[in-house]
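The sequence and the structure are shown first.

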Amino acid sequence: ETQQIDGTQKNIVWHACPITKPDRQELIKQKGFVIWITGLSGSGKSSLACALSRALYNLGKLSYILDGDNVRHGLNSDLSFKAEDRAENVRRVGEVAKLFADAGIICIASLISPYRKERAACRALLPEGDFIEVFMDVPLHVCEARDPKGLYKRARAGEIKGFTGIDDPYEPPLNYEIVIQNNKDKGFSSSSSSSSLPEMADIVVSYLDQNGYPKPS
């Protein structure tokens with residue numbers, strides 16, 4: 001059965017397929033959903049995403065990372081860093097993340113996504129419970145001290161305009177599922193300290209376990 005799409009694209013219809021999301025989830029023995037990691041540049045989003053993907057892999061779970069920088073090498077290579085293009089960057093990642101979740105894969109989206117409205121729009125694409133927002137709650141001065149890509153230095157020098165945290169705002173989440181704090185200006189380590197990446201990944205994995213997400217078969 002087809003479904004008419006309202007709005008400007010009235011000539012486009014949805015073509016339904018008998019193989020559905022539950023079928024795909026049953027096939028690979030896991031639930032598809034989105035883990036959305038947001039925070040300032042330098043807060044450790046990408047590092048956490050990789051550590052989390054490894055932790056899920058070790059549990060027998062298939063995940064895929066959509067990194068804010070990486071998608072600009074392909075899917076979003078046509079977008080600039082103007083406000084409207086940055087919004088479109090987030091929108092596209094949200095739509096692709098939705099497709100991954102529909103396929104039964106755990107999608108880890110890691111990007112600054114500075115505005116609540118845009119993150120809320122991505123959340124609204126998915127059924128309730130399928131969007132898990134992880135807030136990397138790291139102060140600006142810590143992120144700037146780390147400055148792993150040298151972007152803060154360039155922004156302070158006026159070489160980059162509209163940089164989040166310097167001359168463009170970051171709106172912290174109000175209704176996140178998970179918050180992770182790491183205030184050490186030297187970044188992350190792989191040790192057993194409170195700031196270790198494995199421990200932060202374990203925080204997310206523990207949330208999944210405690211909230212009824214499927215365990216490895």
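## Basis of the model

The model is predicted: local features need pLDDT of at least 70, side-chain atom pairs count only at pLDDT 80 or more, and totals for chains, interfaces and linings use all residues. Residues are numbered from 1 along each chain as its sequence is written, and side-chain values use heavy atoms, with hydrogens and water left out.

## Overall make-up

The protein has seven helices and seven strands, taken as DSSP runs (helices H or I, at least four residues; strands E, at least two) and numbered from the N terminus. Of its 217 residues, 41% are buried, that is, under 20% relative accessible area with a 1.4 Å probe, protein chains only.

## Nonpolar cores

A nonpolar core is a set of buried Ala, Val, Leu, Ile, Met, Phe, Trp, Tyr and Cys residues joined through side-chain atoms within 4.5 Å. The largest has 24 residues, and those touching the most other members include Ile35, Leu48, Val134 and Leu208. Helix α7 (197-210) is among the elements that supply at least two residues each; α7 gives the most, with seven.

Beyond its neighbours within four places in sequence, Val134 is in contact with residues including Trp36, Leu48, Ile178 and Val204, contact meaning heavy atoms within 4.5 Å. A separate core of 14 residues includes Val71 and Phe131.

## Helix α2

In α2, the buried residues include Lys45, Leu48, Leu52 and Leu56. Their cover includes β3, β6 and α7. After α2 comes Gly60, with a positive phi near 80°.

Conventions. Buried means under 20% relative accessible area, exposed over 50%, partly exposed in between (1.4 Å probe, protein chains only).
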